[in-house]
Structures are given as C-alpha cells and as structure tokens.
Amino acid sequence: MKIAAEKDIFDVQAVRKDFPILSREVNGHPLVYFDNAATSQTPQQVIDVISDYYSRYNANIHRGVHSLSQEATDAYEGAREKVRAHFNAAKAHEIIFTSGTTHAINLVAHGFTALLSEGDEIIVSALEHHSNIVPWQMLCERTGAKMKVIPMDENGVLKMEVFEDIISEKTKLVFLNHVSNALGTVNPVKEIIEKAHAVDAAVLLDGAQAASHIKADVQELDVDFYVVSAHKMCGPTGVGVLYGKEEWLKKLPPYQGGGEMIATVTFEKTTYADLPHKFEAGTPNICGGIAFGAALDYMNGIGFEQIAAYEHELLEYATKKLLEIEDLKIYGLSKEKTAVISFNIGDLHPYDIGTIIDKLGIAVRTGHHCAQPVMDFFGIPGTVRASFAFYNTKEEIDIFVEAVKRAKNMLS
Ligand SMILES: *Cc1c(COP(=O)(O)O)cnc(C)c1O
C-alpha cells in the first residue's frame, strides 16, 4: 500500500530532469520559464524521437515500397492512432494532421464557404485568440453570413444568458476556445454544445490552450470539431490536429489541392482521396507528427489528473503571492481557470516589467496575447502573462514575485 501511495506523489524534480532547457541560464540567472501558454518546453524523450527519425528512417510516407518509407508510414500512422486514443475519437480517419491550430481553423472556415449564405449566422465568444476570429470574418465576407458575439463579464466569464438570446434557427456554427489563452478561463463548453445542437448548429472548439491541462474526450463532449497544436503540449512546432466528426469531414470540400489528397487526376477531372488524406495535401510534417505522438505518450505517462492538480496548486500559490503586491490587478478571475495569470501593476507598462524581469532570467509574455478584443474589454493595451506548466515550481514563483517587486520599485 505504501509503495502505491508513494508512486502517486508527483515528483517535480524528477520531471524537470526530463527537460534539458530548464537547466540553462539566461542573462546570468537560472531560467524561469513562465511562457507556457505561448509554447511549452520539450522533454528529452521527444527530442530523442525527433533525432531518431532523422538518424534512422527519414523517408516520404504512403508512397514508397522501400523499407524506410514503410517504417516512416507506420510511425506516422501510429501517431495518428495515439492522437485518436488521446482525444477518444471514434475513428483514426477523423484525425487530420495540420500545421497547427491556425491551419486547422482555416481548413474548417474554408470548408464552410459552400455551406453558408446570406441570412445565416455564426457565433463566437468574446474571449478568442485572433486565429479563431479572423478566418471566420473572412468566411463572413465570402458568404454574407453574420457573426455574433457572446460577451463576458468583469471576471472573464461568458454571459450564458446572452448566448441563449442570440442563438437561433439562423445559427449554423458556434466556435470558441475551450480555455482562454489570455485569461485562463475554462468555458462551459458542454452546455454550449448542447444548446448549439438543439438548433442544429455545428460547434468548433479551439483546444490549443486547453490541451496541455485538460484531456478532452470528443465523443463525451459530442463536439463537431476540436483543434490543437502539438507545441503547446510538449511536442514540436509546425504540427497540430483537426478532429472532425466523420459526417462533417465528408461534407466539407478539400482545403488545398496537391499530391496525397487525390484518388485520380486527369486534366479534365480529379477525384479526391478518402479521409483523412483528402485534407492532407503534400508531404506533411512527418517527424513532427511522430514526435507529437511521443509527446502525448509522455504527458499521459505523467497523467493529466496529476498535472491538473499540481498546476492548480501553482496557480493558487502564485495568485496569493502576487496579490500581496500593492496596485497589482489580475484579469480573469473565473472559478474555472487553468494556470494562467494575466496582470498589470498600476499604470506601469507590461512591456517594461517583462523587459526588466527578463534580465533576471524570467520568461513571461507581455502584450495583447493575440486577443485584442479581450484587452479592449478591460480598456488596457495589454498585460503581463505568467503561465505555468507541470515542470514549474513554487521556488520559481518566489523568484518571479521578487523580480516583479523589483521591477515595480525601479519603474515607480
Ligand atoms: C496558441 C493558440 C492558438 C494558435 O495556435 P498556433 O499554434 O499558433 O496555430 C489559437 N488559439 C489559442 C487559444 C491558443 O492558445
């Protein structure tokens, strides 16, 4: 019994040893990396998979009869299966590899061009990243459909009563993030999906920020599209995934034309390949896909429940410590939030705070976090954003809070 109990204790120091970058210095100080909402760090286990791919079996997939091509194809399709299992999709061909969240959203927005017309409406939340706003605005320009917005309150929580007012038979699509990258708010997605389906509207969830904290089950959510980027969940940049229900993926036309996505080509007519290849034109990021699979193995090896519980501890600890600083205001105080803290101190410019603490080895994000409408709502140009991962520690938070105090003293 005792051994089992000990095994359950989350050993952050052991985990940190997996991440070589965490032992480097920046500007003469040990790195404190609190920019995880922008991109996460990469464990040695994933770096090894990348190195192994290029050292041993780099080849183009789905085409060659030769052994290397076969090995690469098996590894790539194996990664697709890992992604399917992780998100509990019903079928592997409902997983489309993309270059990331942005590409995945553009793919769906492009596909809806043929399905929308004037008089139709689509609904977005006030909490979105630009990549979940702009492609839909372009869709509206192409089709004449109208975009409506679910507003939020002072705590960064969506006003569900307004959502109920604006959703109607005209609504064809609702799209929002599962977790806000600017504030960390976890949105009531289950309720939104139910209400959208009641009027036959499809739902796309931008899971880019959620995926490193919450293991989404797409069948349980009954969501139509779910999109993520590997680089926010311990994988490499330049690869991500679109999950789509089979019926929707069959309905949407291909996004890009090229090799790999065809069944037959003549100059008169081309027929398209079956799912998932219909949406995967050209040579994909083969190594990236395989490494994404390895990153999922790594995170599942630690366990998402463990990760969520530990990150929640970090969030509470840092929130309490930061609020001890006079004039410090935190934006986004939803009861349901992930380990992201967006703040300002008086009228000090976030960029100045970020620059000073960088000199002390601390990496945070400053600015609008690709969510200008969120900043406009609060009437500010931007915030300082500290975002934590399961490899961060309370000691690092102490160093960070002292550095923020020092920056405040220097700037006031
Ligand atoms: C990071 C992020 C994106 C964009 O992801 P890319 O990898 O840059 O395509 C979109 N939405 C949210 C909520 C994000 O956090």
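Analyst: The largest cavity lies between domain 1 (6-36 + 303-411) and domain 2 (48-300), because both domains give residues to its lining. The model is a predicted one, and the volumes that follow are computed from it. The volume of this largest cavity is about 100 Å³. Its lining holds 16 residues, and those closest to the centre are Asn 36, Ser 212, His 213, Lys 232 and Ala 389. Sorted by class, the lining has eight nonpolar, six polar and two charged residues.

The search behind this covers the whole structure and finds three cavities of 30 Å³ or more. As a general point, rolling a probe the size of a water molecule over the atoms shows where empty space is left. The second largest cavity has a volume of about 40 Å³. Its lining is made of His 129, Asn 177, Val 179, Asn 181, Asp 206, Ala 208, Gln 209 and Lys 232. By class, these are two nonpolar, four polar and two charged residues.

Next, the packed nonpolar part. In soluble globular proteins, nonpolar side chains tend to be buried together. Here the largest nonpolar core has 111 residues, of which Tyr 226, Phe 292, Phe 343, Phe 390 and Phe 400 touch the most other members. Helix H11 gives the most to this core, with eleven residues. The core draws at least three residues from each of domain 1 (6-36 + 303-411) and domain 2 (48-300). Both domains therefore contribute to the lining of the largest cavity, and both also contribute to this core.

S14 pairs with strand S13 (residues 328-331) in the antiparallel sense over four bridges. In that pairing, Leu 328 stands opposite Ile 345. S14 also runs antiparallel to strand S17 (residues 383-387), again with four bridges. There the bridge partner of Phe 343 is Val 384.

The peptide bond from Leu 275 to Pro 276 is cis, with omega near 0 degrees. Pro 276 is in the loop between strand S12 (270-272) and helix H11 (286-302), and H11 is the helix that gives the most residues to the core. Asn 27 has a positive phi, near 55 degrees, although it is not glycine. Asn 27 is in the loop between strand S1 (25-26) and strand S2 (29-30), and it counts as partly exposed because its relative accessibility is 47%. Asp 200, likewise not glycine, has a phi near 65 degrees. Asp 200 lies in the loop between helix H8 (189-198) and strand S8 (202-206). With a relative accessibility of 68%, Asp 200 counts as exposed.

Note on methods:
Residues numbered from 1 in each chain as written. Predicted model: local features only at pLDDT ≥ 70, side-chain atom pairs only at ≥ 80, totals over all residues. Heavy atoms only, no water. Helix = DSSP H or I, 4+ residues; strand = E, 2+ residues; numbered from the N terminus. Buried < 20%, exposed > 50% of the residue type's maximum accessible area, 1.4 Å probe, protein only. Pairing = 2+ DSSP bridges. 1 Å grid on protein atoms, 1.4 Å probe; cavity = no way out; pocket = protein on both sides within 12 Å on 5 of 7 lines; lining within 4 Å. Points joined across faces, edges and corners; volume = space filled by probe spheres on them. Nonpolar A, V, L, I, M, F, W, Y, C, P; charged D, E, K, R; others polar. Domains from an automatic or database assignment. Core = buried A, V, L, I, M, F, W, Y, C linked by side-chain atoms within 4.5 Å.
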